[in-house]
Amino acid sequence: MNDSVEFRSQLEQGGGYDRPYGQPKQSRSVAVAKQGMVATSQPLAAQVGLDILKSGGNAVDAAIAVNAMLGVVEPMSCGIGGDLFAIYWDAKSQAMFGLNASGRSPHSLSREEFAKRNLKSIPFDGLLSWSIPGCVSGWDTLNKRFGTKSLAELLTPSIQTAKEGFPVTEIIAGYWNNAAEKLAGWPDSAETFLIEGLHAPREAELFQNPRLAHTYQLIAEKGIQEYYEGSIAERIVDFSQQHGGHFSLKDLADHRDDWIDPVSTNYRGYDVWELPPSGQGIAALEILNLLEQFDLESLGAGSAAYWHLFVEAKKLAYADRAKFYADPSFENVPVKELISKEYANRQRQRINLNQAAANVPAGDPILQKGDTVYLTVVDKDRNCCSLIQSNFHGFGSYVTPGDLGFVMQNRGALFALDEFHFNRLEPHKRPFHTIIPAMVTHNNQPWFCFGVMGGDMQPQGHVQVLVNLIDFKMNVQAAGDAARIRHLGDATPTGEPAQGVGTVSVESGVTDQVVKELEQKGHHVIRSMGEFGGYQGIMIDGEKGVLKGATESRKDGLAIGY
């Protein structure tokens, strides 16, 4: 591609920022550092992580501190009422580890409860959507195996910030305001998260959460048993019982995390690692396998031909997601078959290069809206932590249990009520999960530690960022800044069937000509804002001995190193 064509393509992809050097479409320069780096969606949280690294902490130490701070400064997206997943590269052992710190449904909650209420699906708001939170346990599990600092030390900055308050950033203020009406419906939520119980904090307005500071202090002083078996557990259960919920002390005491093996596929020489179900990470691997046999570089970034292939591959992967992804303790999920090259070769034959497919069913591998935070940390020894943590929807269930200072997640709403569905609700079962961390290795060494938050956008975002890096040769910042699309309308993990071709939602950087060409192929295309995920990434440049970090304009975030 010659320089003038490349420049024009960059402008079409991002609108251009008139930057004096580098690529004009980028919102900012790539962050570069020699020792360690943190990238996440809120600057105060990123700075806390950097402080931990500079004081001698490692990637796990910093990640826990960052996550705790995000629970204070971005409470709609994450917190100790939610779940956690992580992929960790341990430089000493030269090995990769996966952690599933997601919780399970209550022992006493069954599909019959919803049948009695004549409910065809689980409500997204309220106590019926609760599942046991795994975040605090996840911190402890990571800390005990890989950490070097005490949990009390890592929580100290967040406790101080929650007490003293912080100025709310712009994007977070917008999300907060969107949830204000529903928060107001629960007195404890209103008192905790609304200013004078009336309105969400506005941009740059100071917000304090002394209730969360007290809860963090209890965990710091007494350990995680205080959350799962002590006074915090008792208060959660008391609230649940008083408001028609199903939580018991046994539910919390029985919670356990699982160390699991990440799974991978090789994409053009790079090994892309995700966690297996109950999460949706392997959807990204399925899409990459389908795209690998096409010459995407020659099609060009942002071209209608590329976007068409992407959407059609996504439909096939998400049809499998809707049918097969579930808690592997209850179902035999065919992970190896789903992410195999052989399966991709068969599935690829279903893609029509000229026509959008409608009502795509799952394949047969057995034969031979949401809010989330993502953070990544790489330390001086090149330990790498890719961590994602969420309440599911913004402010989860919207329910704050008493004066504990955090909302409970609504992840249980993703269970199906169909008795034959892989992801059907059963007692003490993990629901299907949307949150997914990722990592890429090259020549058996970590190369890229990244994630894209945002519900079912996450596998789509993972693939788009990786294709931008590997096929379209963008740098780590440009790969996240480039215009994205999001396909909506597949069959869902709760059992609703796909309808028609779905909708391709596009950002403003997708040109009118490309939209027209997609429509000519049968796609239904709309322009929209605010639903294309939030990317953070750190690339390990072994040749230069530096780290290259990126965040993006869709969030308030920061990539910072030393």
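At 23% relative accessibility, Lys548 counts as partly exposed, the classes being buried under 20% relative accessible area, exposed over 50% and partly exposed in between (1.4 Å probe, protein chains only). Lys548 forms a salt bridge with Asp541, with 3.1 Å between the closest N and O atoms; a salt bridge is defined as a side-chain nitrogen of Lys or Arg within 4 Å of a carboxyl oxygen of Asp or Glu. Asp541, in turn, is buried, with a relative accessible area of 13%.

The structure is a predicted model, in which local features need pLDDT of at least 70 and side-chain atom pairs count only at pLDDT 80 or more, while totals for chains, interfaces and linings use all residues. Residues are numbered from 1 along each chain as its sequence is written, and side-chain values use heavy atoms, with hydrogens and water left out. The average pLDDT of the chain is 94, and 96% of the residues score at least 70; pLDDT is the predictor's confidence in each residue, from 0 to 100. Over residues 1-14, however, pLDDT stays under 50, and the model has 19 contacts for this segment beyond four places in sequence, where contact means heavy atoms within 4.5 Å. Where pLDDT is low, the predicted coordinates should not be read in detail.

In total, 25 salt bridges are present in the structure. A salt bridge also links the side chains of Glu331 and Arg424, at 2.7 Å from N to O. Glu331 is buried, at a relative accessible area of 14%, and Arg424 is likewise buried, at 16%. Glu331 and Arg424 belong, with Glu426 and Lys429, to one network joined by salt bridges that share partners.

A further salt bridge, of 3.0 Å from N to O, is formed by the side chains of Lys144 and Asp140. Both residues lie in helix 5 (residues 135-146), 4 residues apart, about one turn of the helix. Helices (H or I, at least four residues) and strands (E, at least two) are DSSP runs, numbered from the N terminus. Lys144 is exposed, with a relative accessible area of 66%, whereas Asp140 counts as buried at 13%.

Strand 15 pairs with strand 16 in the parallel sense over 3 bridges, and Val504 stands opposite Val525 in strand 16.

Thr503 lies in strand 15 (residues 503-506) and counts as buried at 19% relative accessibility. Its contacts, not counting residues up to four places away in sequence, are with Arg486, His487, Leu488, His524 and Ile526. Thr503 and His524 are 21 residues apart in sequence, with 5.1 Å between their C-alpha atoms.

Note on methods:
Two strands pair if DSSP finds at least two bridges between them.
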